[in-house]
Amino acid sequence: MVFGIVAIATFMETTFDMYLDDVFFPYCVTYLTCVDVLMSFAACSLIGLGALYAWMWHRTSQFLQRFEGDAHSDTVIPKMGNWTPMIVNQQSVLWERHELVFV
């Protein structure tokens, strides 16, 4: 959101104020246009990363949903891509070592 606001404000400033180069320094509008393009790219990149993370979370959630319950506690869980989820025994050791509390 902040990236978008800065990009729009920069674009409006360079569009409506024709005398920025005369008031501040030469090529001020060129620099601000470059900043506008970079801020717009950053905003689009963050939107894309958010969509990617949401898709990955949804896919992982669907995959792990098959293994809920006590029936699969000691079975080996197959790989999902290059990632293999921990079995229940591994999870309990991890929680104990890091003194984590499951609520």
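**Figure 1. Leu-20 in helix H2.** Leu-20 lies in helix H2 of this predicted model. The residue is buried, with a relative accessible area of 3%. Leu-32 is twelve residues away from Leu-20 along the chain, and the C-alpha atoms of the two residues are separated by 10.0 Å.

**Figure 2. Overview of the chain.** The chain contains four helices and zero strands. Read from the N terminus, the order of elements is α-α-α-α. The chain has 103 residues, of which 13% count as buried.

Figure 3. Helix H1 spans residues 2-16, 15 residues in total. From its first C-alpha to its last, H1 reaches 21 Å, close to the 21 Å expected at 1.5 Å a residue. Ala-7, Thr-10 and Thr-14 are buried in H1. Viewed down the helix axis, the buried residues of H1 fall within an arc of 65°, so they line one face of the helix. An α-helix has 3.6 residues a turn, so residues three or four places apart point the same way. On the face of H1 turned away from the buried side are the exposed residues Val-2, Ile-5, Ile-8 and Phe-16.

Figure 4. Phe-25 belongs to a nonpolar patch on the surface, together with Met-18, Tyr-19, Val-23, Phe-24, Tyr-27 and Tyr-31. The accessible area of the patch residues together is about 900 Å².

Figure 5. Asp-36 is located in helix H3. Thr-14 is one of the buried residues of H1. The C-alpha atoms of Asp-36 and Thr-14 are separated by 9.5 Å, and the two residues are 22 residues apart along the chain.

**Figure 6. Phe-63 in helix H3, with Pro-85.** Helix H3 is also the place of Phe-63. Phe-63 has a relative accessible area of 10% and is buried. Pro-85 is 22 residues from Phe-63 in sequence, and the C-alpha to C-alpha separation of this pair is 9.8 Å.

**Figure 7. Cys-34 and Cys-44.** Cys-34 is partly exposed, with a relative accessible area of 44%. Cys-44 counts as exposed, at 55% relative accessibility. A search of the whole structure for disulfides finds zero.

Technical notes:
Residues are numbered from 1 along each chain as its sequence is written. This is a predicted model: local features need pLDDT of at least 70, side-chain atom pairs count only at pLDDT 80 or more; totals for chains, interfaces and linings use all residues. Side-chain values use heavy atoms; hydrogens and water are left out. Patches are made of residues with over 30% relative accessible area and no salt bridge: like charges are joined within 9 Å, nonpolar side chains (Val, Leu, Ile, Met, Phe, Trp, Tyr) within 5 Å. Accessible areas come from the Shrake-Rupley method with a 1.4 Å probe; for residues, only the protein chains shown count as cover. A salt bridge is a side-chain nitrogen of Lys or Arg within 4 Å of a carboxyl oxygen of Asp or Glu. Helices (H or I, at least four residues) and strands (E, at least two) are DSSP runs, numbered from the N terminus. The expected span of a helix is 1.5 Å times one less than its number of residues. Buried means under 20% relative accessible area, exposed over 50%, partly exposed in between (1.4 Å probe, protein chains only). The arc is that of the directions from the helix axis to the C-beta atoms. A disulfide is a pair of cysteine sulfur atoms within 2.5 Å.
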